[in-house]
Amino acid sequence: MTIYQGSGVALVTPFVENTREIDWVAFEKLLDFHLDNQTDALIITGTTGEGSTLTDEEQINLIKFAVDHVDGRIPVIGGTGINDTRHSIRLSQQAENAGVNGLLIVTPYYNKASYRGMIEHFEAIADSVKTPIILYHVPGRTGCQLTVDQIVELAKHPNIVGLKDATGDLDFTRQVIQETPEDFAVYSGNDDLTHEIMVMGGQGTISVTANVMPREIHQLCQYHLDGQGMEAGRLNQELEAINRDLFIEVNPIPVKYLVHRLGWCANSYRLPLTPPSEESCRVLDAYLDQLSDRYQA
């Protein structure tokens, strides 16, 4: 079961500038922005959504708000992974009760799970819900690795339907695509590699850049899905600079700053994240002329 094909936005979570509470008015506007601009799926409370600094209640409330507001128009996927299996099960069940269409479950960081422990972590979560699960592999943040063999084994579980691959290792990605079933969806977790991963047979992306260029990321994916590789290649070249510069500081700092500069939310983060440096702001501000005419609030 493929939850979606195309551009899934790893959505930022807007905070009120002074209190750093969730800005629900801004969140609703962001949901409408993506509904209006061809985004194919919403990924809530992931890395870009600063999920690690949200309380359980905030995570579930954001997911439920998105599910209710979107009302089935596009899939909503909730990030409910954590390094405590029982805690992740509880969050996943609550997200399921909120009506989410999919769950994004990160590898269990810090614990240094064994080969079997890693597999049993994901299987226990998958056994606890009926909602389909996308594995989230981002070793640069978690410090732990999923092997191809582990992914192949996990792909046999009827409730584990895909992988967000943020390894940056195209040989790894190619092997996963070749060795997993055809209906197991591999999504790019790195905007600079979405084009290459879809050439290999990936089903789309979970994108940071889509926060500020939703139509372009949708179009890039659609070109691939329609077999228009040359058009996809040309568009990918146009996106190379912004894909690079949105990672001049740790995600989501740069992209949230640009979302703010376009007028959609405050430039507000929860510690330990802080606003970007003046130098980074200058680099990012250079994109405002390109983006304002199309995407300014």
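What is the handedness of the crossing of α2 and α3? In this predicted model, the crossing of these two helices is right-handed. Helix α2 spans residues 56-70, and helix α3 covers residues 85-97. Their axes come within 9 Å and cross at roughly 30 degrees. Angles under 35 degrees count as roughly parallel, and α2 and α3 are therefore described as roughly parallel to each other.

Let me turn to the residues that form this contact. From α2, the contributors are D56, Q59, I60 and I63, while α3 supplies H87, R90, L91, Q94 and A95. Sorted by class, the contact of α2 with α3 has four nonpolar, three polar and two charged residues.

I would draw attention to H87, which lies in helix α3. Is H87 buried or exposed? Its relative accessible area is 16%, and because the limit for burial is under 20%, H87 is classed as buried. Leaving aside residues up to four places away in sequence, H87 touches D56 and I82.

In soluble globular proteins, nonpolar side chains tend to be buried together. Here, the largest nonpolar core holds 78 residues, and those touching the most other members are I44, I133, L135, V212, I242, L258 and L291. Helix α2 gives the most to this core, with six residues.

As for I242, its contacts, not counting residues up to four places away in sequence, are T209, V212, M213, L258, Y287 and L291. Finally, a second, separate core of 16 residues includes I43, Y136, A185 and I206.

Terms used. Residues numbered from 1 in each chain as written. Predicted model: local features only at pLDDT ≥ 70, side-chain atom pairs only at ≥ 80, totals over all residues. Heavy atoms only, no water. Helix = DSSP H or I, 4+ residues; strand = E, 2+ residues; numbered from the N terminus. Buried < 20%, exposed > 50% of the residue type's maximum accessible area, 1.4 Å probe, protein only. Contact = heavy atoms within 4.5 Å. Axes fitted to C-alpha atoms, helices over the stretch in contact; angles between N-to-C directions. Parallel < 35°, antiparallel > 145°, perpendicular 65-115°, else oblique. Left-handed = near helix turned anticlockwise from the far one by under 90°. Nonpolar A, V, L, I, M, F, W, Y, C, P; charged D, E, K, R; others polar. Core = buried A, V, L, I, M, F, W, Y, C linked by side-chain atoms within 4.5 Å.
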